[in-house]
Amino acid sequence: MHTVTMSGLPKHFFVMAAVLLASAVPGAGQAAGEWPLPDAEAQRRSVDLVRETWKNEYAAATDQARQSDLAGKLIKNAEITRGGAPACFALLNEAVDLAAKAGDLRTAMRAVDEMEWRFRVHGTQTRLQAIRTIARGTGLPPSLVAEAIFAAQQAIEQNEVDAAVEFCDLAVETARKGASSELKASVDEYASRVKEYARLQKSAAKESPVGGLGAGLGMGKKWEIFGDGVGIMTRSRGRRKAVLARYGGTGQTERAVTGALIWLANHQMADGSWNLQKYTSRCKDGTCTGPGMVTADAGATAMGLLPFLAAGHTHKTKGPYRENIAAGVNWLIKHQEANGNLAKNCVQPMYSHGLATIALCEAYGMSGDRNVGMAAQGAVNYIIKAQNPNDGGWRYNPGDVGDTSVTGWQIMALKSAQLAGLSVGGSTYGSAGKWLDSCQKGPNNSLYSYQPATGHSNTMTASGLLCRQYLGAKRKDPMMTDGVKYLLDNLPDAQLPNIYYWYHGTQVLFNMGGQPWDQWNRRMRQILLDSQCRDTRTCACGSWNPAGDLWASRGGRLMMTSLAALTLEVYYRYLPLYKVDEEKAP
Ligand SMILES: [Zn+2]
């Protein structure tokens, strides 16, 4: 049992502050959300002030429930404090400590999230401290094992693999004490993946300390260009199940995904590739209408691979699709040119190259296969060289004046590379932001156009906003708030299918979370469930008909099916970029 007194002043407070301080980057503009940390003296004064101001509440917080309540109040107060950065930081730090003493992990994590939100800090060490305190005191309540797993995920995103392993150990230990056998198995599986990942990251970093593969592992500060991170560790089977319902997936959406994977596997070419037109040669009957119009074999192969990878399958994991994935990945690597280009002989090759790069980065990130990693790094380097040096964008061929559509896929590819621990170069993102600047319009620059002189559209707005999120835009940025409004004014409409818009819009709103995501997701998943071909007697079973779609007529049934499946896999494909306040613990 913990009580809070003056002597209970968090011993780790100053240590923690020093750790945070060391990783702080003073923001040039010091806009809210990018505050540099106050110095130690200012922090000390602010803590004293907080304790003086809240004297009565501290005195009354004699049991865990009240400590937890007080922690919540301090967090709330941090949002509205007029005391500036020092007061805000002190309130949040006190909240972490109180919540940890109260055994209230969720509130403690919320305070750390808030800290990361307002200050340019990584909260991994603070999370670790809080979680250790709770484990030492009350032990982690089994219902909150998931929080420890989330913390592990965040640590991975911040490239702190040792901390991630420690989070996992705590989660495993806690789960053993009283969780269901199902949860125990999930946690064990996740923990062993994290350990394997940590091992791979370390050995990759050791083997190539400068440049090349693994150079991204030691990036540290460079991570900040991404704002909060997303990870691909959510995809392990147990984890997938655990996050599905949390983010709005259902048994029905999972069955739809399974159907799509089976259709994709059935329509793979004998050489391991997928083909936008020739997939019909694999058909058993004439129901798979809608072949695409363009030749883009690398892009098509990526479209074939990505839904498998999104569901956690790789060429190294045991499972029904292992051979399919191995053949597809090998096909991409075999057709890569010495300069890294994956899209030889493709129409508008940078589209295909971007997609294929995403597939290779994901395959590498999930499997740790160095062969795949080398190919992925080559493909990433090619993207970096292909950027237009003046406008910061990409288009069909390397060096072209940009467009928002192709630029979007390159930014996504670079993001995937970064998540996989590959090196993505320093200035590429800054310049890509320049392209987005040139195409932004409307209220608070929340709308995007294909090129600077054209008008905004749904699809480009969704793609532009997603890129902005990847480049570090904050959740509360007015651009995002207005962008969300626009997307909600243009909800998916079954009468106007536009899978390109749906796919991007889904990711933007998934990252934002909360009510807007709920509203969009309910509509989106119903439309996709209703429109999937589900007659098991037909070859088309599991696919989506591209007829009438604004964009997929060019890519055909394969593209339609791939993007629809990926849209239904959003619940576990990545973690949302922004962690929204969770509902109260059960
Ligand atoms: Zn067919």
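**Working through the model**

Student: What do the two residues Asp 97 and Lys 101 have to do with helix α5?
Tutor: Asp 97 and Lys 101 both lie in helix α5 (residues 84-101), 4 residues apart, or about one turn of the helix. Helices here are DSSP runs of H or I with at least four residues, strands are runs of E with at least two, and both are numbered from the N terminus. An α-helix has 3.6 residues a turn, so residues three or four places apart point the same way.

Student: Before we go on, where do these numbers come from?
Tutor: This is a predicted model, where local features need pLDDT of at least 70 and side-chain atom pairs count only at pLDDT 80 or more, while totals for chains, interfaces and linings use all residues. Residues are numbered from 1 along each chain as its sequence is written, and side-chain values use heavy atoms, with hydrogens and water left out.

Student: Ok, back to Asp 97. What does Asp 97 form with Lys 101?
Tutor: A salt bridge, with the closest N and O atoms 3.7 Å apart. The term stands for a side-chain nitrogen of Lys or Arg within 4 Å of a carboxyl oxygen of Asp or Glu.

Student: Are Asp 97 and Lys 101 buried or exposed?
Tutor: Both Asp 97 and Lys 101 are buried. Buried means under 20% relative accessible area, exposed means over 50%, and partly exposed is in between (1.4 Å probe, protein chains only).

Student: How many salt bridges are there in the whole structure?
Tutor: The search finds 16. One of them pairs Lys 55 with Glu 52 at 3.4 Å, N to O. Lys 55 is partly exposed at 45% relative accessible area, and Glu 52 is partly exposed too, at 48%.

Student: Which residues are linked in a network of salt bridges?
Tutor: Glu 41, Arg 44 and Arg 45.

Student: And what about Lys 316, which residue does Lys 316 pair with?
Tutor: Lys 316 forms a salt bridge with Asp 369, and their closest N and O atoms are 3.7 Å apart. Lys 316 sits in the loop between α13 (297-310) and α14 (322-334), and Asp 369 in the loop between α15 (349-367) and α16 (370-386), so the pair ties together parts that are 53 residues apart in sequence. Lys 316 is partly exposed at 47%, while Asp 369 is buried at 16%.

Student: New topic: which atoms coordinate the zinc ion?
Tutor: His 267 (NE2), Cys 283 (SG), Cys 288 (SG) and Cys 539 (SG), at 2.1 to 2.3 Å. Donors are N, O and S atoms within 2.8 Å of the metal (3.2 Å for Na, K and Ca), and sites may look incomplete because water is not among the atoms.

Student: What's the geometry of the zinc ion's site?
Tutor: Tetrahedral, with angles of 97 to 120 degrees among the 4 donor atoms. Four donors get that label if all angles lie between 85 and 135 degrees.

Student: What spacing do the donors follow along the chain?
Tutor: The spacing is H-x15-C-x4-C-x250-C. His 267 and Cys 288 both lie in the loop between α12 and α13, so the pair ties together parts that are 21 residues apart in sequence. His 267 and Cys 288 are both buried.

Student: How far apart are the end C-alpha atoms of α12?
Tutor: They are 23 Å apart. The expected span is 1.5 Å times one less than the number of residues, so the 16 residues of α12 (residues 251-266) should span 22 Å, which agrees. Buried residues in α12 include Trp 263 and Leu 264.

Student: What happens at the start of α12?
Tutor: There, a side-chain oxygen of Thr 250 reaches to within 3.2 Å of the backbone nitrogen of Gln 252.

Notes:
Polar contact = N/O pair within 3.5 Å; in protein donor to acceptor, adjacent residues only side chain to side chain. Tetrahedral: all angles 85-135°; square planar, octahedral: opposite > 155°, others 65-115°.
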